[in-house]
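User: Could you walk me through how to read this structure? I would like the general idea first and then the case at hand.

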Amino acid sequence: TTETQTFPIQVVGAGGTGVLTNISEIVTGSEFTCALKSDGTVWCWGYNASGQLGDNTTTSKKIPIQVTDIGGTGFLANVSSISSSNYTVCALKNDNTAWCWGSNYYRQLGNNTTPNSSLSPVQVLNQDGTSYMSDIAQIAVGGNHSCLIKTDNTMWCWGYGRYGQLGIGTTENKYLPVQVLDSGNSNSFTDVSQISLSDLFTCAIKTDGTMWCWGYNDDGQA
């Protein structure tokens, strides 16, 4: 329905019958929701103007629909985790590759394209723009930027960088992943174990348990 709910209601299943079950992870963006099921499939519902539901349309949905595969054919499978913010969603697959869909206004999908959105998943490219990023341990989405951790505990970001949230010592936007630098702006930021992104700033936990943040800092949040 589109009625305001003042207490919890259970999410319905595919086709609007039954209930959605076997969910291992759930994320929300601006006016939409996505769920990862234990079988590695992703289901989304809600607002869809930027294709953030991943079903190769821009039609909003009141019930869960399954995210398609690349090009809008078949279905995205073997997903191990998902992240979303605003109108963009990214998924990490079991083979440690990353796939994103939805808004691409600041190139936060990481595939070096200029369309402002992708209605189905696209694979995140490497920094050279010709091969695909691999060995990914975690991916996170902020308002208009995205970041990932590789299995070697290095961190890479791309998209909107106006407030330094990409962590590369500049305020440039980046179409492709760039490696986050340390505070001296000369070496790689390493030993990263967990990341979290907001609209305009980024935070990371290192393997030694210390926490590091950068980006927009008007209220001291970084």
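Analyst: Gladly! Let us begin with secondary structure: helices (H or I, at least four residues) and strands (E, at least two) are DSSP runs, numbered from the N terminus. Trp101, for example, sits in strand E7. Two ground rules before we go on. This is a predicted model, where local features need pLDDT of at least 70, side-chain atom pairs count only at pLDDT 80 or more, and totals for chains, interfaces and linings use all residues. Residues are numbered from 1 along each chain as its sequence is written, and side-chain values use heavy atoms, with hydrogens and water left out.

User: How many helices and strands does the protein chain have?

Analyst: The protein chain has zero helices and 15 strands.

User: What does the radius of gyration say about the protein chain?

Analyst: The radius of gyration is taken over C-alpha atoms, and the globule rule is 2.2 Å times the number of residues to the power 0.38. For 222 residues, a compact globule would come out near 17 Å, and the protein chain agrees, with 17 Å. The C-alpha trace spans about 55 × 40 × 30 Å along its principal axes.

User: And which share of the contacts joins residues 24 or more positions apart?

Analyst: A contact means heavy atoms within 4.5 Å. Among contacts with a separation of 6 or more in the protein chain, 41% are between residues 24 or more positions apart.

User: How should I read burial, and is Trp101 buried or exposed?

Analyst: Buried means under 20% relative accessible area, exposed over 50%, and partly exposed in between (1.4 Å probe, protein chains only). Trp101 has a relative accessible area of 0%, so Trp101 is buried. Its C-alpha lies 8.9 Å from that of Ala91, a residue ten positions away in sequence. Over the protein chain, 47% of the 222 residues are buried.

User: Now the cysteines: how many disulfides are found, and what is the pairing?

Analyst: A disulfide is a pair of cysteine sulfur atoms within 2.5 Å. The whole structure holds four of them. With the bonded cysteines numbered in sequence order, they pair 1-2, 3-4, 5-6, 7-8.

User: Where does the disulfide of Cys34 and Cys44 sit?

Analyst: The sulfur atoms of Cys34 and Cys44 are 2.0 Å apart, and the torsion about their S-S bond is about 105°, so this disulfide is right-handed. The pair links distant parts of the chain, ten residues apart: Cys34 is in strand E2 (residues 32-37) and Cys44 in strand E3 (residues 42-46). Both Cys34 and Cys44 are buried.

User: And what can you say about Cys90 and Cys100?

Analyst: Their sulfur atoms are 2.0 Å apart in a disulfide, right-handed with 105° about the S-S bond. Cys90 belongs to strand E6 (residues 88-93) and Cys100 to strand E7 (residues 98-103). Cys90 counts as buried at 0% relative accessibility, and Cys100 is buried with 0% as well.
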